[in-house]
Amino acid sequence: MDELILPVAHWQVMLKHIQACLPEEACGLLAGTGRYVLKGYTVANKLHSPVRFRMDEQALVNAMVDIETRGWQLIAIYHSHPQGPSYPSLTDQQDHYYPDSLSVICYPILDQWQCRAYQMDTHGYHEVAVQMC
C-alpha cells in the first residue's frame, strides 16, 4: 500500500513539536500497523541545527522499545525542513538507515505547515500519498 494514514491528532502533536523546535529541525518517529499511524514519538535533535538532524540516542532507543513492546512497526521517521525544501535532501537520502520506513518531511508554505512522505531506496526516492483522517 503506497499511502501513509496519519490521524489529525498525531499530525497536531508533530506540528506542536516542530514549532517548539524552530528555527532548528525537529525529528521523531511514527509507529503503528501497516501504514496506519497509531502513535508519534517526538525525539530531540541533538545537533540543534536548522539544516540537519540526529536523534538523541537514548530517546530513540526508548521509542523503539515501546514500539516493539506494543507489537507495532516503525512506519516513518519524520523531520522538518524549516526553510524547505519539501523533498529529501542528499543528506537525508544518505542518512536514511531504515529502508522499510518512510521519510516524512514537514515544511512551511506561507506559515502553514505541510508534510510529504517518501519511500527511499538505493536508487533515490518516490513520493507516497499522505491521507489525514
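Author: First a definition: helices (H or I, at least four residues) and strands (E, at least two) are DSSP runs, numbered from the N terminus. This is a predicted model, where local features need pLDDT of at least 70, side-chain atom pairs count only at pLDDT 80 or more, and totals for chains, interfaces and linings use all residues. Residues are numbered from 1 along each chain as its sequence is written, and side-chain values use heavy atoms, with hydrogens and water left out.

Reader: Which residue does a cis peptide bond join to Gly 84?

Author: Most peptide bonds are trans. Here the omega is about 0°.

Reader: Is His 48 buried or exposed?

Author: His 48 is in the loop between strand E3 (36-43) and helix H2 (57-69), and its phi is positive, near 50°. Buried means under 20% relative accessible area, exposed over 50%, and partly exposed in between (1.4 Å probe, protein chains only). Because its relative accessibility is 52%, His 48 counts as exposed.

Reader: What is the relative accessible area of Leu 110?

Author: Most residues other than glycine have a negative phi. Leu 110, though not a glycine, has a positive phi of about 50°. Leu 110 lies in the loop between strand E5 (102-109) and strand E6 (112-121). Leu 110 is exposed, and its relative accessible area is 80%.
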